[in-house]
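This report is written for a reader who has not seen the structure before. Please look over the sequence and the model first.

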Amino acid sequence: MKGIVFCEFVEMMEQEFSADLADEIISSAGLASGGAYTTVGTYDYHEILVLVTRLSERTGTPVPELVKAFGHYLFGRFVELYPVFFEGVDGSFSFLSRIEEHVHVEVKKLYPDAELPTFDTNYLDDDTMSMVYKSRRPFADLALGLIQGCIQHYDEQVEVETEDLSDEGRTHVRFTLTRRRHEGD
């Protein structure tokens with residue numbers, strides 16, 4: 001997993017909880033990397049699972065909620081770090097439907113060795129979209145947080161339902177997004 005994800009997770013821990021707690025979690029985790037991450041480095045994804053689990057133990061917040069909150073946070077960071085991804089995009093459905101053909105293509109240019117999940121996106125009608133997430137890593141909750149961050153960024157009313165299609169581990173999940181229109185739209 002790319003180091004930018006680890007760096008941003010550490011930043012989120014520092015901002016949302018405290019720098020002292022982040023340092024304590026990292027130093028006590030016994031990580032192979034020692035918790036020294038660079039944005040361009042590549043690290044074992046199990047390390048982030050260890051960090052999230054330790055944060056959960058210390059805060060009492062369930063792991064899935066922390067991972068989802070991180071996804072939400074990470075989307076906001078992507079808006080700041082990569083504004084070109086959002087140019088000419090007018091809403092969450094438009095942005096999310098471009099992930100495979102635009103965003104992931106650009107990410108691969110920046111990080112050629114990045115192992116990205118796939119998203120098979122289909123419009124079911126003008127107000128309903130299906131996104132099927134597939135990855136060898138169990139980060140569907142991260143994807144959900146990113147989706148919710150996207151929806152908030154575009155200030156839209158969208159309901160997201162999830163259906164776990166994997167045998168275990170939340171590595172294959174369908175997200176069904178339904179846009180709620182305001183009267184007069």
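The model is predicted: local features need pLDDT of at least 70, side-chain atom pairs count only at pLDDT 80 or more, and totals for chains, interfaces and linings use all residues. Residues are numbered from 1 along each chain as its sequence is written, and side-chain values use heavy atoms, with hydrogens and water left out.

**Helices**

Helices (H or I, at least four residues) and strands (E, at least two) are DSSP runs, numbered from the N terminus. Helix H1 spans residues 3-16 and has 14 residues. From its first C-alpha to its last, H1 reaches 20 Å, close to the 20 Å expected at 1.5 Å a residue; the expected span is 1.5 Å times one less than the number of residues.

Burial is judged by relative accessible area: buried means under 20%, exposed over 50%, and partly exposed in between (1.4 Å probe, protein chains only). In H1, 10 of the 14 residues are buried, so the helix is largely enclosed by the rest of the structure. Among them are Gly-3, Phe-6, Glu-8 and Met-13. The cover over the buried residues of H1 includes helix H2 (19-28), helix H3 (45-59) and helix H4 (63-81), where contact means heavy atoms within 4.5 Å.

Helix H6 (residues 99-110) has Ile-99, Val-103, His-104 and Val-107 as its buried residues. They lie on the same side of H6, because they cover an arc of only 85 degrees around the axis; the arc is that of the directions from the helix axis to the C-beta atoms. Glu-101 and Lys-109 are exposed, on the face of H6 turned away from its buried side. Helix H5 (92-97), strand S1 (118-125) and S2 are included in what covers the buried residues of H6.

**The sheet**

Four strands form an open sheet in the order S1-S2-S4-S3, with antiparallel pairing; two strands pair if DSSP finds at least two bridges between them. S1 and strand S3 (158-164) are the edge strands, each pairing on one side only. From one strand to the next, the twist averages 20 degrees. Axes are lines fitted to C-alpha atoms, for helices over the stretch in contact, and angles run from 0 to 180 degrees between N-to-C directions.

S3 and strand S4 (residues 172-179) pair in the antiparallel sense over 7 bridges. Thr-162 has Phe-175 in S4 as its bridge partner. Helix H7 (residues 140-153) packs on the sheet and touches S1, S2, S3 and S4, with its direction at about 20 degrees to that of S4. S2 and S4 also pair in the antiparallel sense, over 7 bridges, and Val-132 stands opposite Arg-174 in S4.

Where does Thr-128 lie? Thr-128 is part of strand S2 (residues 128-134), and its relative accessibility of 12% makes it buried. Not counting residues up to four places away in sequence, Thr-128 touches Phe-93, Asn-122, Tyr-123, Thr-176, Leu-177 and Thr-178.

**Aromatic rings**

The structure holds 12 aromatic pairs. Rings of Phe, Tyr and Trp (its six-membered ring) pair if their centres lie within 6.5 Å; planes under 30 degrees apart count as stacked, over 60 as edge-to-face and the rest as tilted. Two of these pairs are described here.

Tyr-82 and Phe-85 form a stacked pair, 5.4 Å centre to centre, with 25 degrees between the planes. The rings of Phe-93 and Tyr-123 are tilted, because their planes stand at 50 degrees, with the centres 6.1 Å apart. This second pair links distant parts of the chain, with Phe-93 in helix H5 and Tyr-123 in strand S1, 30 residues apart.

| Residue | Relative accessible area | Class |
|---|---|---|
| Tyr-82 | 16% | buried |
| Phe-85 | 6% | buried |
| Phe-93 | 2% | buried |
| Tyr-123 | 45% | partly exposed |

Phe-6, Tyr-37 and Tyr-43 form one aromatic cluster, and Phe-6 is also one of the buried residues of H1.

**A loop residue**

Most residues other than glycine have a negative phi. Asp-155 has a positive phi of about 50 degrees although it is not a glycine. Asp-155 is found in the loop between H7 and S3, and is exposed, with a relative accessible area of 69%.
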